[in-house]
Amino acid sequence: MLITCLPNVATQVGAYRIMSGNKFHYPVGNPELSPQDEVNWRAQVLSAALKVLQTPVEAPTVFDQ
Amino acid sequence: MAKVLHYLNQFFAGIGGEDKAGQEFLFLPKPVGPGVLLRDLLKDRQKEYATVVCGDNYFHENEETVLASLAEVIVQFQPDLFIAGPAFHAGRYGIACAKAASFVHERWDVPAVTGLFEENPGTREIGRHVLVIQTGSSAASMQSTIKRFADLAVLLLNNNQEGLEAFKEEFCLKIPRRFTVQAAAPDSVRALDMLLAKLRGGAFESEIPRIQAAPHPIPAALQDISRATLALVTEGGLVPMGNPDRLESSRGTKYFKYSIEKRDDLKSGEFEAMHTGYDTSTVNADPDRLIPVDAMRRLEREGNFARLHNYYYVTTGTGAMPAKMQELGGGIAQELSACGVNGVVLTAT
């Protein structure tokens with residue numbers, strides 16, 4: 001699965017499992033949070049990513065975080 | 001019936017080798033060297049075949065003079081087709097062929113063809129719409145190359161667009177370059193014209209070619225993630241500090257893998273991002289923001305999946321050629337698959 005801030009481009013080039021990242025220069029970062037909160041936030045994002053990996057798709061699909 | 005003009009260097013014109021590389025520009029009203037074979041293959045079609053010859057050194061030392069002489073020949077001879085080479089892997093000759101063909105095509109809109117090996121430096125000098133037949137690296141492939149020149153010449157002289165597209169696809173080098181052209185109106189006007197056409201539902205053509213991605217099989221969903229090995233991959237250019245393998249910061253042509261074994265997170269100062277496509281400072285301050293080892297370790301410990309692969313894979317995606325990225329992606333996928341990795345989280349900047 002792909003985490004990107006340009007899901008429309010990812011769809012256009014034919015990636016199948018797409019999830020929006022936070023910012024294009026730090027897709028799984030959230031520097032406004034405290035370090036501990038940021039790790040918790042990131043674990044949630046990656047947990048969602050694991051669900052995406054287990055989801056059947058038939059066409060390029062953009063999933064929510 | 002048509003006129004063909006053929007550019008050759010001193011060697012293929014039969015004048016001599018390196019000792020004759022200073023040969024001045026020369027017009028011959030007949031086919032010479034490989035041109036004889038090409039003329040024979042085209043004998044039903046063309047009525048005049050002439051040759052221009054120039055020594056490899058002479059061309060580079062007197063480029064302006066040579067092109068001026070070539071211009072005179074074009075004006076007088078008025079060719080319907082310009083052929084240069086083939087130059088195979090010969091560098092000076094390849095550059096001369098590319099420059100001569102590009103000059104003739106750009107100035108007079110005469111179809112121009114050359115033949116180069118893919119690594120010939122001449123490929124970097126090819127102008128817009130000049131056709132480059134892919135050749136082998138040496139003149140051993142002369143016969144088959146000239147046969148292709150003849151096939152292409154027939155398509156061009158007959159203006160067979162459909163055949164031309166098929167030929168280009170199969171036998172011509174793709175020249176991955178952008179060209180500077182003079183447009184009829186400023187970009188703001190062209191962009192608004194396109195937008196208005198789009199809003200009206202009219203026809204418009206983007207100036208940026210759309211990437212035609214070849215469809216690929218849909219990766220199956222993970223069945224039993226509790227037994228899965230997962231890997232992290234990025235195009236964001238994250239490498240160990242100092243970039244030991246010299247990953248390019250743009251137009252990447254390589255990928256690397258770096259160990260994250262026994263690491264619970266990626267520390268600032270140990271890794272850095274090589275990438276001219278984004279502001280890397282936030283990732284450099286905490287590389288987990290690109291390769292999320294800390295979060296994946298936590299999920300691994302909590303049993304959300306079996307194991308995080310010992311290496312992450314990286315390339316640089318900015319300014320990259322889609323074909324090259326496809327090749328790199330294929331290589332990464334093959335390596336991961338061979339290691340028993342079941343799923344990948346790929347972060348893109």
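These are my notebook entries on a predicted two-chain model, chains A and B.

**Ground rules**

I am working with a predicted model, where local features need pLDDT of at least 70, side-chain atom pairs count only at pLDDT 80 or more, and totals for chains, interfaces and linings use all residues. Residues are numbered from 1 along each chain as its sequence is written, while chains are lettered from A and ligands numbered from 1 in the order in which they are written.

**Entry 1: chain A**

I find 2 helices and 3 strands in chain A, and from the N terminus on they run β-α-β-α-β.

Next I looked at strand pairing, which calls for at least two DSSP bridges between two strands. E1(A) (residues 2-4) pairs with E2(A) (residues 17-20) in the parallel sense over 3 bridges. Within that pair, A:Ile3 has A:Met19 as its bridge partner. The chain gets from E1(A) to E2(A) through helix H1 (residues 7-12) of chain A, and this β-α-β crossover is right-handed. I call a crossover right-handed if, with the strands pointing away from the viewer, the path from the first strand over the helix to the second runs clockwise.

E2(A) also runs parallel to E3(A) (residues 61-63), joined by 3 bridges. Here A:Met19 stands opposite A:Phe63. I noted that the β-α-β unit of E2(A), helix H2 (residues 35-53) of chain A and E3(A) is left-handed.

For burial I count other C-beta atoms, placed from the backbone, within 10 Å of a residue's own: 20 or more is buried, 12 or fewer is exposed, and in between is partly exposed. By that count, 35% of the 65 residues of chain A are buried.

Chain B has 10 helices and 13 strands, and buried residues make up 38% of its 349 residues.

I picked strand E1 (residues 2-9) of chain B and found it largely enclosed by the rest of the structure, because 6 of its 8 residues are buried. E1(B) pairs in the parallel sense with strand E4 (residues 81-88) of chain B over 4 bridges. One pair to click on is B:His6, which stands opposite B:Ile83 in E4(B).

Then I turned to helix H4 (residues 91-108) of chain B. H4(B) is mostly covered, with 13 of its 18 residues buried. I also checked its length, where the expected span is 1.5 Å times one less than the number of residues. The 18 residues of H4(B) should span 26 Å, and the end C-alpha atoms are 26 Å apart, which agrees. Just after H4(B), B:Asp109 takes a positive phi of about 60 degrees.

**Entry 2: nonpolar cores**

Which residues touch the most other members of the largest nonpolar core? A core here is a set of buried Ala, Val, Leu, Ile, Met, Phe, Trp, Tyr and Cys residues joined through C-beta atoms within 7 Å. In this one, of 49 residues, they are B:Cys97, B:Ala100 and B:Ala101. H4(B) gives the largest share of this core, 9 residues. Apart from it lies another core, of 46 residues, including A:Leu2, A:Met19, A:Val45 and B:Val293.

Back at B:Ala100, I listed contacts, meaning C-beta atoms, placed from the backbone, within 7 Å. Not counting residues up to four places away in sequence, B:Ala100 touches B:Tyr7, B:Leu70 and B:Ala84.

**Entry 3: where the chains meet**

I find 31 residues of chain B in contact with 29 residues of chain A. On the chain B side, helix H8 (281-285), helix H9 (293-301) and strand E13 (343-347) each supply at least two residues. H9(B) gives the largest share, 5 residues. By class, that side has 19 nonpolar, 6 polar and 6 charged residues. In this tally Ala, Val, Leu, Ile, Met, Phe, Trp, Tyr, Cys and Pro are nonpolar, Asp, Glu, Lys and Arg are charged, and the others, Gly among them, are polar.

**Entry 4: one exposed residue**

Last, I visited B:Glu61, found in helix H2 (residues 56-61) of chain B. B:Glu61 counts as exposed because it has 12 C-beta neighbours inside 10 Å. B:Glu61 and B:Gly22 are 39 residues apart in sequence and 8.9 Å apart in space, C-alpha to C-alpha.
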